[in-house]
Amino acid sequence: MAYTNIYAPWRSEYFSTTSSNECTFCLISNTKDYDIKNHVFYRDSICFGVMNKYPYTPGHFMIIPHRHIDTPTLLSKDEWLHINKLSQLAICMLEEYGANGINMGINIKQAAGAGIPNHLHIHFVPRFEGDTNFITTIGDSRIYGIDFDSIFDKILSLSKKHLRI
């Protein structure tokens, strides 16, 4: 099978960044003044919501506890219930965004596929009719045809409406 290469320079940082001892999610958690720059659309005392920097589909975001833990079993019952309540509201938010379906999931630790295995995070991936077509199926490529900052603005607006506890 022949593969198609699509130039995506915005992802070069992901491949060229050297690993540091600092957790990306902890840095975002601890820099509230940079929420807009970091595309954080929600924040409370337990967790925050942030756009995925390398999304699978437009609107892909994560809910992340502030605490640096790698498994939900280390969350208190109140933290777990809070994050799950937000998760339910996040689904409503993505439905209003226009998603025809939603993939929601947690990859717990590196062996399960977590890209940042030491800090728990829940993915919310909106799905759209036709978002998997020949290019994703045959070409092993993805096309992201919407401006990231415009999507962030919409998600930020919807979060103010939906993510209220």
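This is a predicted model: local features need pLDDT of at least 70, side-chain atom pairs count only at pLDDT 80 or more; totals for chains, interfaces and linings use all residues.
Local features need pLDDT of at least 70 and side-chain atom pairs count only at pLDDT 80 or more, while totals for chains, interfaces and linings use all residues. Residues are numbered from 1 along each chain as its sequence is written, and side-chain values use heavy atoms, with hydrogens and water left out.

The open sheet has 5 strands in the order 1-2-3-5-4, with antiparallel pairing; strands are DSSP runs (E, at least two residues) and helices likewise (H or I, at least four), numbered from the N terminus, and two strands pair if DSSP finds at least two bridges between them. Strand 1 (40-43) and strand 4 (101-105) are the edge strands, each pairing on one side only. Strand 4 pairs with strand 5 (residues 122-127) in the antiparallel sense over 5 bridges, and Ile102 has Pro126 of strand 5 as its bridge partner.

Helix 3 lies across strand 1, strand 2 (47-51), strand 3 (61-65), strand 4 and strand 5, running at about 165° to strand 3, where angles run from 0 to 180 degrees between N-to-C directions and axes are lines fitted to C-alpha atoms, for helices over the stretch in contact. Helix 5 packs on the sheet too, touching strand 1, strand 2 and strand 3, with contact meaning heavy atoms within 4.5 Å.

The axes of helix 3 (residues 77-97) and helix 5 (residues 148-162) come within 10 Å and cross at roughly 130°. Among the residues making this contact are Leu89 and Met93 of helix 3 and Ile155 and Leu158 of helix 5.
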